[in-house]
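We will go from stop to stop, with something to pick out at each one.

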Amino acid sequence: DSAFAYTKFKGDLNIPSSVTTIDLGAFMNTDFSGTLVLPSELIVLGSHAFRDCWRLSGVVEIPENIIAIPSELFCGCTGLEGIKLHKDIEVIEPRAFSSCYGIYSIVCNAKTPPTIDPSSFDGVAKDNFTIEVPEASVNIYKNASNWSEFKRFAAHREFSISCSLLRTLNDEY
């Protein structure tokens with residue numbers, strides 16, 4: 001718990017892929033910067049783990065072993081630009097992304113909308129971007145408790161392009 005909390009470490013935060021546990025408040029209020037890549041083998045993610053890490057940026061992808069986003073996990077991370085949630089996410093606890101003013105992208109691959117607290121996204125501009133969800137679930141999200149505060153939903157599609165199609169679009173290459 002709180003292993004690096006309130007330290008003034010600077011630079012990129014590189015968490016080794018072998019890490020399976022990030023406990024309560026582990027990196028809270030540090031000066032680490034850059035895009036946060038959570039290890040795919042992560043099985044425990046504690047509340048407040050990255051709270052007030054305002055210099056973290058980019059899109060954070062929640063590992064598949066995490067089914068509940070703990071309270072205040074990224075609260076105050078004003079530099080975060082997006083969140084990608086896997087298909088088995090079930091719960092986003094209170095204030096998990098509160099005061100994350102920079103978020104402009106949420107992709108949630110869960111067919112059933114995860115349960116969210118009314119405060120989970122406090123301070124996020126809910127009308128400035130489109131939440132991407134599975135195509136069959138767009139209307140379910142629009143009507144789901146607390147998700148309905150977001151104004152735009154669309155079907156999520158992974159973008160891919162084949163080499164032959166690329167040649168068709170740009171014949172110089």
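## First stop: a loop residue

Select S71, which lies in the loop that links β6 (68-69) to β7 (80-85). Helices and strands here are DSSP runs, numbered from the N terminus: a helix is H or I with at least four residues, a strand is E with at least two. What you have open is a predicted model, in which local features need pLDDT of at least 70 and side-chain atom pairs count only at pLDDT 80 or more, while totals for chains, interfaces and linings use all residues. Residues are numbered from 1 along each chain as its sequence is written, and side-chain values use heavy atoms, with hydrogens and water left out.

Is S71 buried or exposed? S71 counts as buried because its relative accessibility is 19%. The cut-offs are these: buried is under 20% relative accessible area, exposed is over 50%, and partly exposed is in between, using a 1.4 Å probe and protein chains only. Now show what S71 touches: S47, H48, E93, P94 and A96, not counting residues up to four places away in sequence. A contact means heavy atoms within 4.5 Å.

## Second stop: the whole chain

Zoom out and switch to a cartoon view. The chain has two helices and 12 strands. Following the sequence, you pass through β-β-β-β-β-β-β-β-β-β-β-α-β-α. The radius of gyration is 17 Å, close to the 16 Å that the globule rule gives for 173 residues, so the chain is as compact as a globular protein of that length. That radius is taken over C-alpha atoms, and the rule is 2.2 Å times the number of residues to the power 0.38.

Turn the model around: its C-alpha atoms fill a box of roughly 50 × 45 × 25 Å along the principal axes. Of the 173 residues, 45% are buried. Among contacts with a separation of 6 or more, 39% are between residues 24 or more positions apart.

Colour the strands β1, β3, β5, β7, β9, β11 and β12. They form an open sheet in the order β1-β3-β5-β7-β9-β11-β12, with parallel pairing. Two strands pair if DSSP finds at least two bridges between them. β1 (10-12) and β12 are at the edges with a single partner strand each, so one side of each has no neighbour in the sheet. From one strand to the next, the twist averages 25 degrees; such angles run from 0 to 180 degrees between N-to-C directions, with axes as lines fitted to C-alpha atoms, for helices over the stretch in contact.

Next, select β3 (residues 31-35) and β5 (residues 56-61), which run parallel and are joined by two bridges. Which residue of β5 stands opposite G34? It is L56. While you are in β3, click on D31. D31 is buried, with a relative accessible area of 11%. Leaving aside neighbours within four places in sequence, its contacts include F9, K10, W54 and R55.

Select residues 130-133, which make up β11. I131 and V133 are on its covered face, whereas T130 and E132 are on the uncovered one. β9 (residues 105-108) runs parallel to β11 and is joined to it by two bridges, with V107 opposite E132. Four bridges join β11 to β12 (residues 152-155), again in parallel, and F153 is the bridge partner of I131.

Stay with E132 for a moment. E132 is partly exposed, at 26% relative accessible area. Its C-alpha atom is separated by 4.6 Å from that of H156, 24 residues apart along the chain. Beyond neighbours within four places in sequence, E132 is in contact with I106, V107, C108, A154, H156 and R157.

Finish with β6, β8 and β10, an open sheet in the order β6-β8-β10 with parallel pairing. β6 and β10 (115-116) are the edge strands, each pairing on one side only. Two bridges join β8 (residues 91-92) to β10, and I92 stands opposite I116.
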